[in-house]
Amino acid sequence: MWYEFLRFAHVIGACVLLGTGAGIAFFMVISNRSKDPRLIAHVAGIVVLADTVFTATAAIAQPVTGYLLTREVGWPLLEGWVLVSLCLYVFVGLFWLPVVWIQIRMRRLALAAAEAGTALPDAYHRLYRIWFAFGFPAFFAVLAIIWLMLTKPDLPL
């Protein structure tokens, strides 16, 4: 029963990370296309909240449930696919942490533009390009982790 619970929690966490990440990206891209600072500020506020409530919670739960699963099943942490998954997880975190700060900054810049009745400043557009670029490697790394979890390939290290 414990194994089934851990496995369920781990899979749900992976779904939350993938789904929230994809949803956040979709809504930020669509709101950015509007060029409306008020809409962008509103959506960015929701995105920051979603990242805090869902992504951060799942990001904490994933290594905990993953570690407990490895202990339960008996896989060593240096097992090829487990180790590669852990490295990719750190890689994702290196992209996600700056993105959280970028989203907060983008929200502030959009809110300031909305309150002033001006267009979005150049700083917003620079941050958006970085935010957009950081999403791709993180998203594909999450897909790779899920593939590793499902297939558990024999990776000689």
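Q: How do helix 3 and helix 4 run relative to each other, roughly parallel or roughly antiparallel?
A: In this predicted model, the axes of helix 3 and helix 4 come within 8 Å and cross at roughly 155 degrees, and helix 3 and helix 4 are therefore roughly antiparallel to each other. The axes are lines fitted to C-alpha atoms, for helices over the stretch in contact, with angles that run from 0 to 180 degrees between N-to-C directions. An angle under 35 degrees counts as roughly parallel, over 145 as roughly antiparallel, 65 to 115 as roughly perpendicular and the rest as oblique.

Q: Which residues get used, given that it's a prediction?
A: Local features need pLDDT of at least 70 and side-chain atom pairs count only at pLDDT 80 or more, whereas totals for chains, interfaces and linings use all residues. Residues are numbered from 1 along each chain as its sequence is written, and side-chain values use heavy atoms, with hydrogens and water left out.

Q: OK, what's the handedness of the crossing of helix 3 and helix 4, and what classes of residue make up the contact?
A: The crossing of helix 3 and helix 4 is left-handed, a term for a near helix turned anticlockwise from the far one by less than a right angle, with right-handed for clockwise. The contact of helix 3 with helix 4 is made up of 28 nonpolar, two polar and one charged residue. Here Ala, Val, Leu, Ile, Met, Phe, Trp, Tyr, Cys and Pro count as nonpolar, Asp, Glu, Lys and Arg as charged, and the others, Gly among them, as polar.

Q: What about helix 2 and helix 3, at what angle do they cross?
A: Helix 2 (residues 37-73) and helix 3 (residues 80-116) cross at roughly 160 degrees, and their axes come within 9 Å. The crossing of helix 2 and helix 3 is left-handed, and their contact divides into 20 nonpolar, five polar and three charged residues.

Q: And how far apart are the axes of helix 1 and helix 2?
A: The axes of helix 1 and helix 2 are 8 Å apart, at an angle of about 160 degrees, and that makes helix 1 roughly antiparallel to helix 2. The contact of helix 1 with helix 2 has 22 nonpolar, 10 polar and three charged residues.

Q: Stepping back, how many helices and strands are there?
A: There are four helices and zero strands, in the pattern α-α-α-α along the sequence.

Q: What are the overall dimensions of the C-alpha trace, and what share of the residues is buried?
A: The C-alpha trace spans about 60 × 30 × 20 Å along its principal axes. Of the 157 residues, 34% count as buried, where buried means under 20% relative accessible area, exposed over 50% and partly exposed in between, with a 1.4 Å probe and protein chains only.

Q: Which residues have the most contacts inside the largest nonpolar core?
A: Those are Ile24, Met28, Met106, Leu120, Tyr124 and Trp131, in a core of 19 residues. The elements that give two or more residues to this core are helix 1 (2-34), helix 2, helix 3 and helix 4 (122-151). Apart from it lies another core, of 13 residues, including Leu88, Phe95, Ala138 and Leu148. A nonpolar core is a set of buried Ala, Val, Leu, Ile, Met, Phe, Trp, Tyr and Cys residues joined through side-chain atoms within 4.5 Å.

Q: What does Leu120 touch?
A: Not counting residues up to four places away in sequence, Leu120 touches Lys35, Pro37, Ile40, Ala110, Ala113 and His125, contact being heavy atoms within 4.5 Å.

Q: Lys35 again, then: where is it, and what is its phi?
A: Lys35 is found in the loop between helix 1 and helix 2, and it has a positive phi of about 60 degrees although it is not a glycine. At 62% relative accessibility, Lys35 counts as exposed. Lys152, in the segment after helix 4, has a positive phi of about 45 degrees and is likewise not a glycine.

Q: Last one: is Thr20 buried or exposed?
A: Thr20, which is found in helix 1, is buried, with a relative accessible area of 14%. Leaving aside its neighbours within four places in sequence, Thr20 is in contact with Cys15, Ala50, Phe54 and Thr55.
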